[in-house]
Number of protein chains: 2
Amino acid sequence: MNGLEKLLKRIIQRVNINLREFDFDVTPCIEKLVPFEDLETVHGFYAVSPLHTLDFRFSRSNLAGSYFLGKCRATNAILFKSDIRGDELKKKGSLFKEQGFEIPLTKNEGIRIEDSFLLKTLVHNYSHDPEMPERFTISNTVATHFTNIHGSPTDGSFLAPFATVDFTTVNDCIIGPYSYIQAGEINHFHIDYGTVWVRSPGQFNFLYKFPEKALRPYIDFEPGKNPKGMFIDFINNHEEEFVKIFATVNRQSPIPVPDTASLDRFAVVLGDCTVAENVLVSQRAYLENAHLGKGANGQENCFIIDSNLAGNNVTAHGAKLINTDLDTGVFVGFNSFIRGRNDRLKIGKDCIIMPHTIIDSSGALAIEEGCLVWGIITGEQDLQENSIPLHKLEKIRSGFSRGNLLFEGNGKSFVHTFQERIQHILHSNGAFFDGKKGKGHAQKNQNISFNIIQPYARGRKKGMFPTMVIKP
Amino acid sequence: MNGLEKLLKRIIQRVNINLREFDFDVTPCIEKLVPFEDLETVHGFYAVSPLHTLDFRFSRSNLAGSYFLGKCRATNAILFKSDIRGDELKKKGSLFKEQGFEIPLTKNEGIRIEDSFLLKTLVHNYSHDPEMPERFTISNTVATHFTNIHGSPTDGSFLAPFATVDFTTVNDCIIGPYSYIQAGEINHFHIDYGTVWVRSPGQFNFLYKFPEKALRPYIDFEPGKNPKGMFIDFINNHEEEFVKIFATVNRQSPIPVPDTASLDRFAVVLGDCTVAENVLVSQRAYLENAHLGKGANGQENCFIIDSNLAGNNVTAHGAKLINTDLDTGVFVGFNSFIRGRNDRLKIGKDCIIMPHTIIDSSGALAIEEGCLVWGIITGEQDLQENSIPLHKLEKIRSGFSRGNLLFEGNGKSFVHTFQERIQHILHSNGAFFDGKKGKGHAQKNQNISFNIIQPYARGRKKGMFPTMVIKP
């Protein structure tokens, strides 16, 4: 047994111990998902930038294809084609404010990944958890294809493909495929397939469950097999262009980019694309005939194809837009799949497309401005059931139920919480930069060098990466 | 003044202080030789291999284009397109034997480069110096284009283009262009342009001085200007192929290579080339219509063009072979330039071509087997003056003088010393590997991964590399 096999065994055991109450064995969920050959040959990257914390420590790990920005420790970890983006980690000397507490930070926050296997997982942002403000830890965890771990310290858990945990401390949980959880803290939960759950205790509770039959063609996952469905096919069909980009050391920008915008050197750009001021296009974003207006962003693992974004749009991690026009201020949440199949899909001003939403209409569809949209929508009828104008939602005091959605609590609070967060995202991304104030990622993520790291190509340590300590 | 400018200033001052007795200012020798833009953009490499010590510590340095293998510390150093190859460093627990002393090593030897600017310099091998067996230090030194620092701890010195210091401790010296020194230890010397000096106290003293007029067309160097001449033109004319190789992260072998041989992924291979068993082709070697027989090697910065090597040949660092046939056992020393201009040049069995030899014949020329060859040879007449059969040299007891060569001491000792060294080089390179015993670089330098390192692309540290500590 070589070093990599031992490491995988170690991680599996730790996850299984944590999840023993569910009688859960993670082995078949990952064992054959990644060919060892890929772990042993694919190279990783870390960013060298004076505008981001440069502080990495990698030991006893495989980091094949992964991308690191910010401060991170990886120990006994397998991070395969993952994206560990720590550019919003809390800074030493700052105050973390939470429910009346003001917690001073005595050191820079860092991401710490231990005894975990993350597969094409996006890890982003700081720990939302006031109990451990200086460490954003992921431990004893397996996260699979296109999961997002967003500001969510996670221990002893399994995340099925396309699952997202967002601002939620996760302890000893199983999160089902395409489930989205934003719930503050969850312990010992087994979250079912296709659950969208947004909770703010005492304020609101949004709980949607995808109809299994409708979701299955998009994403299906059985332990022992690779995940399948349209999401996976779609990503695989577009993989080739990334291969070329990752094979070269440096790359010139394929299109002109304004001084106030940034286009990551690991993003695909095909066809006729334009990028306006204050636009952020992140690594592994895929643009094809895409027009991004002022302050729009295309985040990691997003696809924007034959689509127009009018400005100040968020295309969150893993979101896909095909044949779609977004008016200004439209937010499209994590891993959403938004496609105008034959006719164009139009989404009006300031709409909020909930994370993990599928809009896949064969006919023309237009969503009016200022709506909240969720679930799965294949035509006009679904849209009526799975959307509500924000001004109506704001008037709801004690909940409503419609189709597979149960909403409890205060609509106004829900809408305001979301709107504030969208403004915060746009602000962080530099959408509002006026030439002087409001610098964000779009302005800071320019001229970043990437160092390329490779595993041992032979011997007992084949596939393991050397120990590295990188500082400014 | 940014970090890189400050660093250059620091190095210049330290070199000038060391060389103050010569009233020497190193500033014009380097100031405009490397465009800052190259230092700020070119990426470097270090090898990840379980069969070589993996131990690097880089801080406050620029490492643009440099290549590291083995154990090395670089501090306050500018190493531009240099090759720091530490694969023969002494191991912890071994004994270093020198003149009756047996010095036990209590730690692995490492290369340490401090306050120095090395430009396209090859640094190789362990410190020959028994006074500091665990550290091979280069400090307060400027070495320019295509210099070789081979097992030679060097402090406070300036090496002009194409100079070589070989198994010599160098302290406060200026080494002239195309001068080769193998002299044990030298202090406060100013070695003139085109000097070849091999000394073993009490045994022999080989001293050759190139005729200035004849050497000038090959290499000319004036402070304040780039070095020029045929050597530089020749290298520049072949540079383009390297650019392509360095632009990609990984590379498949362009030709079949036997299991017992190795072809570095940073070597150029063009036209019809073959590589036999036990062959070593090092990084930045350039092969074009080159045929390397069993146990032959092409070392760093060598060019082998339209040439055949019969087997067990050494093509040392920086040696160039064009339109030449080497019979078995021929040794071609550092930075030699061996060219059959119109007709093929033939070099007989077991010939020793001294380091820094130029053979550039317009007519056909054949060198008989078992000869020592030195200096500059453009035809039959030069060959008579600048060569001697080894069996005749062995009979010399107290020296001889011929043309620009002065030889003092014992010829047999000189020949045996050289022959032993050639056998050692072939052995180290794995030329004699029999499938079980005799593994050397040809067998060990396979399947090496290279990590790519880049400088900061913006800010105060633009052009500086981050601090890195790399361990197994």
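**Chains A and B: the contact and one sheet**

Let's start with the contact. It takes 29 residues from chain B and 29 residues from chain A. On the chain B side, two strands each supply at least two residues: β46, residues 449-453, and β47, residues 467-471. What is that side made of, by class? It has 17 nonpolar residues, 8 polar and 4 charged.

Keep β47 of chain B in view. Its partner in chain A is strand β45, residues 467-471. The two pair in the antiparallel sense, over 5 bridges. Which residue of β47(B) stands opposite A:Thr467? That is B:Lys471.

A word on confidence. This is a predicted model. It scores ipTM 0.91 and pTM 0.94. For chain A, the mean pLDDT is 96. In that chain, 100% of the residues reach 70 or more.

Now to a sheet in chain A. It is open, with 8 strands and mixed pairing. The order runs β23, β26, β28, β30, β33, β36, β39, β41. Which strands sit at the edges? They are β23, residues 262-263, and β41, residues 387-389; each pairs on one side only.

Take the β41 end. Strand β39 of chain A, residues 371-373, pairs with β41(A). The sense is antiparallel, over 3 bridges. Here A:Val373 stands opposite A:Ser387 of β41(A).

So much for the tour.

Key: Residues numbered from 1 in each chain as written. Chains lettered and ligands numbered in written order. Predicted model: local features only at pLDDT ≥ 70, side-chain atom pairs only at ≥ 80, totals over all residues. Contact = placed C-beta atoms within 7 Å. Helix = DSSP H or I, 4+ residues; strand = E, 2+ residues; numbered from the N terminus. Nonpolar A, V, L, I, M, F, W, Y, C, P; charged D, E, K, R; others polar. Pairing = 2+ DSSP bridges. pLDDT = per-residue confidence, 0-100.
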